[in-house]
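Hello,

Here is the structure for your files. My notes on it follow below.

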Protein chains: 2
Amino acid sequence: MTNTPAASLLDDVDRALIVAIQTDGRATLAKLAETIQLSVSATRTRLRSLEEHGVIGDYRARVEPEALGYTLRAIVRMKVHGSLYDKVTAILASQPQIVRCLRVTGESCYVMEIVATGMSDLEQITSELSRVGSITTDLVYEMVVDRPIPL
Amino acid sequence: MTNTPAASLLDDVDRALIVAIQTDGRATLAKLAETIQLSVSATRTRLRSLEEHGVIGDYRARVEPEALGYTLRAIVRMKVHGSLYDKVTAILASQPQIVRCLRVTGESCYVMEIVATGMSDLEQITSELSRVGSITTDLVYEMVVDRPIPL
DNA sequence: GATGAAAAAGAGGCCTG
DNA sequence: CAGGCCTCTTTTTCATC
């Protein structure tokens, strides 16, 4: 991964491209070129550059978790002693159903998002976590908003 | 949006396709077809069907928020009286920097994720929220994990 | 599975700072 | 002169039958 001071090197055209590809990750170069008012090849050059510099990480389809059998989603906050961070890392590696994990300031050290096929499935994962730190689990009723980063 | 009992109608091939496209959202049909061991046209048919049934919602590039000038990310938990949900909806509509919002069980009613250009930017958004309910704000040090939903 | 259409990748030259 | 862009050509991928 080529490191770059990111933001500073980007001009308005780059930013427009980022917003476009964020909104439609499967847009063709021709479409992207049209929305940012550039030739197809210039668009391709910029897109590759953004990818190579890690500004654009990867591309994903957003999927209804129910389709894969996950009927439950939970937010787990976790308070851990710093000496146990390694154990957390190990759990994260072994539990792909922990789809998101942020290290944060404040009362909790970590905030995680977990998908599960049912309560017993969830309980199995959370019990593993609670061996390392103290946790609070909230079930998700509804994903109200989930949108790209704005310009 | 065409509604479907989702999960029940999917076979293993569909699930494999979902995982593939989730991991590489820009993969060509040929690539997808190869990974799921199917002809290109059959792959296309299945993909369209998944899209039309809303199993696959949309495609996005994942972007380094810093590239768009957002140096800060925060998790905000919010406790609101049910009669004020409309006000929350209004704020969500007017604040695109709230990139994620989940309605949850437990002490908080909502958990949100906010991107901001700096502390004063963040403060402006959170102060708006705190007019509607009581909030707790945690800053994000690090995104430890952010991965697709597993099979 | 074959065919015409579309998109992506590559090559070379032009314009501007 | 370098960097970025454009146009033209070839190869790959897509869609329809």
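The residues in question are A:T28, A:L29, A:A30 and A:R44. Of the atoms of DNA strand C that come within 4 Å of the protein, 58% belong to sugar and phosphate.

Two polar contacts (N or O atoms within 3.5 Å) can be listed:
- A:L29 places a backbone N or O atom 2.8 Å from a phosphate oxygen of DNA strand C.
- A:R44 has a side-chain N or O atom 2.7 Å from a base nitrogen of DNA strand C.

The model is predicted: local features need pLDDT of at least 70 and side-chain atom pairs pLDDT 80 or more, while totals for chains, interfaces and linings use all residues. Residues are numbered from 1 along each chain as written, chains are lettered from A and ligands numbered from 1 in written order, and side-chain values use heavy atoms, without hydrogens and water.

**Chain A**

Chain A has five helices and five strands (DSSP runs: H or I of at least four residues, E of at least two). Its radius of gyration over C-alpha atoms is 20 Å, well over the 15 Å of the globule rule (2.2 Å times the number of residues to the power 0.38) for 151 residues, so chain A is more spread out than a compact globule. Its C-alpha atoms fill a box of roughly 55 × 35 × 25 Å along the principal axes.

Regards

Conventions: A residue is near a molecule or strand if one of its heavy atoms lies within 4 Å of it. A polar contact is a pair of N or O atoms within 3.5 Å; within protein, one must be able to donate a hydrogen and the other to accept it, and residues adjacent in sequence count only if both atoms are side-chain atoms.
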